[in-house]
Every structure is written in C-alpha cells, then in structure tokens.
Amino acid sequence: MIIIYKKILLAIDGSFHANNAAEQVAEIQKKWGSKVVIFHSIKHHKIPRGTFTNESFPVELYRDMEEASKKAGELLLIETQEIFKQKGLSVETRLIEDDEPEVYIRTSVEQENFDLVVLGSKGHHSQLKEILLGTVSTKVVKSAPCDVLIVK
Amino acid sequence: MIYKKILIAIDESNNSIRAIEKVIDLQKSENCKVVMFHSIGHPTRPLIATVPMASGVGSFNINETELLFEYKEAGNKLLLARQKLFNNEELAVEKRLILDETPEEYIERIVEEQGFDLVVIGSKGIHSKLSQFLLGSVAQRVVKHAVCDVLIVR
C-alpha cells in the first residue's frame, strides 16, 4: 500500500471545522498508519505583560486567566484525543503557550519533518485579527514548508 | 483519505506536477474519480492584450483573439502532457480547459455544481505573477472561498 503522509500535524481550536479536521485525520491515520501530533495554541488568549499597571489589573487575576485558558486548552486536547481513542488510534497532544499557530507550524514542520499539516478552514482563533490579517489557514498556506490540508 | 471525487487545478509549475503525483498516489489507493483542469482566464489577460508588448522581433501587434488562441493551444498541450502522467499508471482522468473563469472562480462554482469533495492545488503556481502580488496566491484565494476540503501541495 502507498503511504502518502507519514507524519501529520493537526492544529485544533475547538471550532466546528477543526473538529471535522480531526475526524478526517483519524480516517487518514486508520488507513495509512501515520504518526499524528495534535496541538492547540493559547497564545492569542494571553494579554501581553505590561499592558496594565498592577493597580488596574492585579497579577493574581492575570494568573487566574492564564490558568483558565491553559485548562480549557488541555480539555480541548483531551476531547479531540478521544475521537482518536474511540477508533483505537493513539496520538500525541501538545499545548502551545508561546507561539501563534502559524509560527508553531512553520518551526515544528522544519524541526520534526511533518509531511502534512491539517487544519479547519475557519477557526475560532482571534476573529478581529482574521479581518485585519486574513485567517490562520491562509497564513499557513503561505508559510508552511510542507503540504497542507484544509478541512471544511 | 476518504475522497471520492477530486478536482485538480494545474499549470506549468513544478508544484503542480507534484500535486499531480499526490493525486495519482491517492487514486491508486482509493480508486476515486479525478478531473484535471487548467484555466486560461487570468484576471490580467485583458490587461496584457491592451498593453503594447514587444513580442520577439519588435512587433507591437498583439490582439486579444490571437492571444486567446495562443493560450488555448498552450493550455491543451499542457493538459495532454499531464494526462500522460496518469495514463502511464493506467489511471483515468478527465481534462478540461477553462476559458473565462479564474481557477478560484471555476473551483467555487464547479465544486458545488458537481459535488467534488477534494480540491488539490500546488502552493505556488506560475499563474499570473501580477495577480499573485495583488491578491495573494491562487491557493490562498481557493482556501479563503473553500467550498470543500483543499489540499495544497508543495
């Protein structure tokens, strides 16, 4: 059998399309036995440090918010992992705190030789930025050094 | 992959040949229907026809009918050459030359009309450098208006 993609990186964000992407990757993995890594970036939830003074924005609150977005991210990864587990497949999950999705995709593809990146066509990721700069998917299409599958 | 009906957009670029190779691999393992098209409906075509150009030995006569004829000839030749890649593997492919729609316009319309479930396209074609600069690559525009899954091949 021909194995077209051996190592797949799946970007998720909790959106409907990202969920479809996970389903599609599970099918691919089932058919071809590819290695799959799933990641979720919470970089956009972070408020840049120094945006507020301590009086207007207490450090504890900042930490709470950071904790909350981490927990939500981890939960999302576990939920997505479940899609694969139910089909008897195993995947690696990663929570990315310090890189935007398109940046993480570019560096990890280069460092770890993924041969396919899969993502949903329209995500939840920072709606305002999408209007200003284009969607994460169009940025990935432009910058990813490997094949990209955009799932509707 | 679980795709049954694949539409592949091609041009003369190397990325586009790699895209064909991926589709051939898919077709071998999946037995899906494949339609391959090449569009000569560049957004810049009317522009080129109206701008005086030095064609070869200093002639400035280029009219749109002639230009269209040239594009058609080249397009059909390209489709025939790429069809051979499929035929060498004993695979069937339908080929189409698109005259008046840009690749992204054609993809958007035909995917819905004829129910394709995957569009395959090279990441950077040699399709109209000018419009790439102005509007982003064809791949980016296809992704933006994606009506089904899109595979971008590098």
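Colleague: At what angle do helix 1 and helix 2 of chain A pack?
Modeller: In this predicted model, helix 1 covers residues 16–32 of chain A and helix 2 covers residues 59–85 of chain A. Their axes lie 9 Å apart. Helix 1 of chain A passes helix 2 of chain A in a right-handed crossing. The packing angle is about 35°.

Colleague: How many residues of the contact between helix 1 and helix 2 of chain A are nonpolar?
Modeller: From helix 1 of chain A come Ala22(A), Glu23(A) and Ala26(A), and they meet Thr80(A), Ile83(A) and Phe84(A) of helix 2 of chain A. By class, 1 residue of this contact is charged and 1 is polar, and the nonpolar ones number 4.

Colleague: Are helix 3 and helix 5 of chain A roughly parallel or roughly antiparallel?
Modeller: Helix 3 (residues 101–112) and helix 5 (residues 136–143) of chain A have axes 9 Å apart and pack at about 25°. Angles under 35 degrees count as roughly parallel. Helix 3 of chain A is therefore, relative to helix 5 of chain A, roughly parallel.

Colleague: Which strands are the edge strands of the open sheet?
Modeller: The sheet has 10 strands with mixed pairing, in the order 3(A)-2(A)-1(A)-4(A)-5(A)-5(B)-4(B)-1(B)-2(B)-3(B). An edge strand pairs on one side only, and this holds for strand 3 (92–96) of chain A and strand 3 (94–98) of chain B.

Colleague: At what angle does helix 1 of chain B run to strand 4 of chain B?
Modeller: Chain B has 6 helices and 5 strands, and its elements run β-α-β-α-α-β-α-β-α-α-β from the N terminus on. Helix 1 (residues 14–30) of chain B lies across strand 1, strand 2, strand 4 and strand 5 of that chain. To strand 4 (118–122) of chain B, the helix runs at about 145°.

Colleague: What share of the residues in chain B is buried?
Modeller: Among contacts in chain B with a separation of 6 or more, 76% are between residues 24 or more positions apart. Of the 154 residues in chain B, the buried ones make up 34%.

Note on methods:
Residues numbered from 1 in each chain as written. Chains lettered and ligands numbered in written order. Predicted model: local features only at pLDDT ≥ 70, side-chain atom pairs only at ≥ 80, totals over all residues. Axes fitted to C-alpha atoms, helices over the stretch in contact; angles between N-to-C directions. Helix = DSSP H or I, 4+ residues; strand = E, 2+ residues; numbered from the N terminus. Left-handed = near helix turned anticlockwise from the far one by under 90°. Contact = placed C-beta atoms within 7 Å. Nonpolar A, V, L, I, M, F, W, Y, C, P; charged D, E, K, R; others polar. Pairing = 2+ DSSP bridges. Buried ≥ 20, exposed ≤ 12 C-beta atoms within 10 Å, placed from the backbone. Parallel < 35°, antiparallel > 145°, perpendicular 65-115°, else oblique.
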